[in-house]
Amino acid sequence: MASPFPGMDPYLEDPPFWPDFHATFVPVWRELIADRLPDNYEARLDEQLKLIELPNGVSRSIRPDIGVFKHDLPSTPSSDASLATIEPAILTLPSVVEVRDVWIEIYHRPERQLVAVLELLSPSNKHGSGRGQYMLKRNALIMEGVHLVELDLLVAGERLPTQEPLPAGDYYLVISRADRRPKCEVYAWTRNDRLPVVPVPLKPPDPDIFVDLAQVFATAYERGKYGKSIDYSLPQQPEG
């Protein structure tokens, strides 16, 4: 069963589906890239487990020594019961979840030089403390002088920063080429559009390769069997 939408399926933004979709989409994306790479390149998956603090979350109670209540003591205490006591305040730690990030790295052989990193953004990259962690990683990659390709298939959350306003759209692909910074290419489309064919930059002077994101999505959707699980009679995820 194919998705009923012409492009990205907004129902996959629902938290029960997104982590599995992300873990399915990225390897398919890597497969199609690997099929198109010249022989002196390779595409590999890398991953990282990280802890993300959730806003307004509840995890477990703690009893820190921050509430101090003074009791008057007699000049000559006669027992331990007459000593001052420290009463604890009951607080709540922020909720923390473990997030598995998976991305694609393209290497030039034989020296295995890292040429490009491709990211599919997740909600954790666009909200709260997770966004701060992602921006640090993003800036480090930019300073390393590698191409950075960022695919945002999420309507919700904060967009990637650019000096000029982003073009109108629901979904974005940003390509920051190492040899053209600070300029970047931004591809935008709506949920009513077919996912585009987009370039993947390689080491100059090698030309870009092109990957059909619609093909990546269709394969990932079929592999995940999402059509059997999603109830399309329910309202879509809210925008923004």
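In the predicted model, Asp208 is partly exposed, with a relative accessible area of 26%. Its salt-bridge partner is Arg177, and the closest N and O atoms of the two residues are 2.7 Å apart. Arg177 is buried, its relative accessible area being 7%.

A second salt bridge links Glu119 and Lys137, with 2.5 Å between the closest N and O atoms. Glu119 belongs to strand E5 (residues 113-120) and Lys137 to helix H3 (residues 128-144); the pair therefore ties together parts that are 18 residues apart in sequence. Glu119 has a relative accessible area of 3% and counts as buried because this value is under 20%. Lys137, with a relative accessible area of 22%, is partly exposed.

Glu185 also takes part in a salt bridge, here with Arg180, where the closest N and O atoms lie 3.2 Å apart. Arg180 is partly exposed, at a relative accessible area of 48%. Salt bridges with shared partners also occur: Glu42, Arg44, Arg109 and Arg112 are joined in this way into one network.

Over the whole structure, the search finds 15 salt bridges, among them the pair of Asp208 and Arg177 and the pair of Glu119 and Lys137. In general, side chains of opposite charge can pair when their charged atoms come close.

Technical notes. Residues are numbered from 1 along each chain as its sequence is written. This is a predicted model: local features need pLDDT of at least 70, side-chain atom pairs count only at pLDDT 80 or more; totals for chains, interfaces and linings use all residues. Side-chain values use heavy atoms; hydrogens and water are left out. A salt bridge is a side-chain nitrogen of Lys or Arg within 4 Å of a carboxyl oxygen of Asp or Glu. Helices (H or I, at least four residues) and strands (E, at least two) are DSSP runs, numbered from the N terminus. Buried means under 20% relative accessible area, exposed over 50%, partly exposed in between (1.4 Å probe, protein chains only).
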